[in-house]
Amino acid sequence: MSAVEETSLRIANMSIRGAGRIARAGASAIGDFARTYEGRELDGFIRDLGKAVDTLLASRPTAVSLWNGVHAAIRGAEDCTSLEEAVSLVSGNADRFVEDSSKAVKRIASIGARRICDGDTLLTHCNSSAALGVIKEAHSQGKDIKVYATESRPWRQGILTVNELAEAGVDVTLVIDSAVRSVMKRIDKVFVGADTITSDGVLINKIGTSQLALAAHERRVPFYVCAETYKFSPMTLFGDMVVIEERDISEVVRPGEVPDSVKVFNPVFDSTPGRYIDALITELGMMSPGSVYGVMAEQLGPTVFSKE
Ligand code: RI2
């Protein structure tokens with residue numbers, strides 16, 4: 001099995017998970033592919049690079065961070081005039097994406113932590129490195145905070161979250177997903193991550209995120225989304241819908257636990273409309289969901305639509 005296939009498999013089986021991590025793993029796999037390429041022709045490299053990209057992108061369909069990470073790594077490769085140039089460009093692109101992505105998570109932590117006050121009780125969902133970066137930064141600044149973390153069925157990424165927060169010394173309480181509305185009366189602010197944000201400011205994140213947003217909205221609790229801008233989906237600018245991943249039913253029920261006639265539906269992500277989001281915390285600063293179009297259009301350049 002090639003290194004690219006192995007990374008793709010590890011992303012698909014969730015050994016590597018989290019939107020930022022899969023983006024960095026995808027970009028790194030492309031960088032390694034370029035560095036270790038044994039062919040001698042530029043055409044062959046470009047063709048094999050395309051296959052590597054397809055293999056990685058087939059691993060998980062929803063988080064656009066993977067698409068953006070992989071495409072950041074290959075940007076400009078088709079314009080190269082020699083194999084050496086292409087290899088150096090792609091490996092350099094990949095390294096830069098990984099470095100910029102890690103810096104973005106740190107910048108989000110520093111910006112988001114300012115929104116947290118001494119004495120706040122926070123709620124988070126699933127296991128987002130961007131959201132946990134914010135919470136841990138506030139804690140390390142000496143703010144006295146409490147955190148409620150959801151279990152996040154079926155993969156129970158909440159267990160990772162409570163372990164990570166406990167290790168950092170944060171006062172953390174695990175709750176089951178269906179306790180969200182009930183605990184909201186104790187919560188001052190909600191911080192979640194993002195897998196994808198559409199051009200019209202809709203958040204796609206771990207299944208259950210939208211019920212945190214609704215319960216927060218009901219009690220006027222601020223709802224913040226911590227997201228690097230490579231979680232913004234350029235495809236949605238062109239009208240594409242986000243594909244919501246559905247995973248195997250074995251993640252929800254054990255074999256033989258329910259009759260074969262019972263259907264099990266296991267969507268991994270849900271959509272939260274921008275009107276339930278108080279702010280996006282990005283490496284470019286705090287912004288409203290309504291700002292996403294402008295940021296994306298600027299990143300893609302003024303001729304984006306004329307290129308179609
Ligand atoms: P960071 C995760 O997806 C969660 O939905 C989390 O909110 C999101 O990625 C962002 O994570 P999964 O891979 O990039 O667990 O903030 O399905 O780490």
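How many bridges join β6 to β8, and in which direction do the two strands run relative to each other?

1. The model is predicted. In it, β6 and β8 are joined by four bridges, and the two strands run antiparallel. Within this pairing, Ile-204 is the residue that stands opposite Ser-271 of β8.

2. These strands belong to an open sheet of three, with the order β5-β6-β8 and antiparallel pairing. The edges are formed by β5, residues 196–197, and β8, residues 269–272, each of which pairs on one side only.

3. Strand β6 also matters for reading the ligand site. Along with α2 (19–35) and α6 (129–140), β6 (203–206) supplies at least two residues of the shell around the ligand. The shell has 18 residues, and the closest are Gly-20, Ser-129, Asp-195, Asn-205 and Lys-206.

4. By residue class, the shell around the ligand is made up of eight polar, five charged and five nonpolar residues.

5. For Arg-17, a polar side-chain atom is 2.7 Å from a ligand oxygen. For Lys-231, the distance from a polar side-chain atom to an oxygen atom of the ligand is 2.7 Å. In the case of Gln-157, an N or O atom of the side chain lies 3.0 Å from a ligand oxygen. On its own the ligand has 450 Å² of accessible area, and the protein covers 100% of that area.

6. The bond from Arg-153 to Pro-154 is cis, with omega near 0°. Pro-154 is found in the loop that lies between β2 (146–150) and α7 (157–167).

7. Cys-126 is located in the loop between β1 (121–124) and α6.

Terms used. Residues numbered from 1 in each chain as written. Predicted model: local features only at pLDDT ≥ 70, side-chain atom pairs only at ≥ 80, totals over all residues. Heavy atoms only, no water. Near = heavy atom within 4 Å. Polar contact = N/O pair within 3.5 Å; in protein donor to acceptor, adjacent residues only side chain to side chain. Areas by Shrake-Rupley, 256 points an atom, 1.4 Å probe, with all protein chains shown as cover. Nonpolar A, V, L, I, M, F, W, Y, C, P; charged D, E, K, R; others polar. Pairing = 2+ DSSP bridges.
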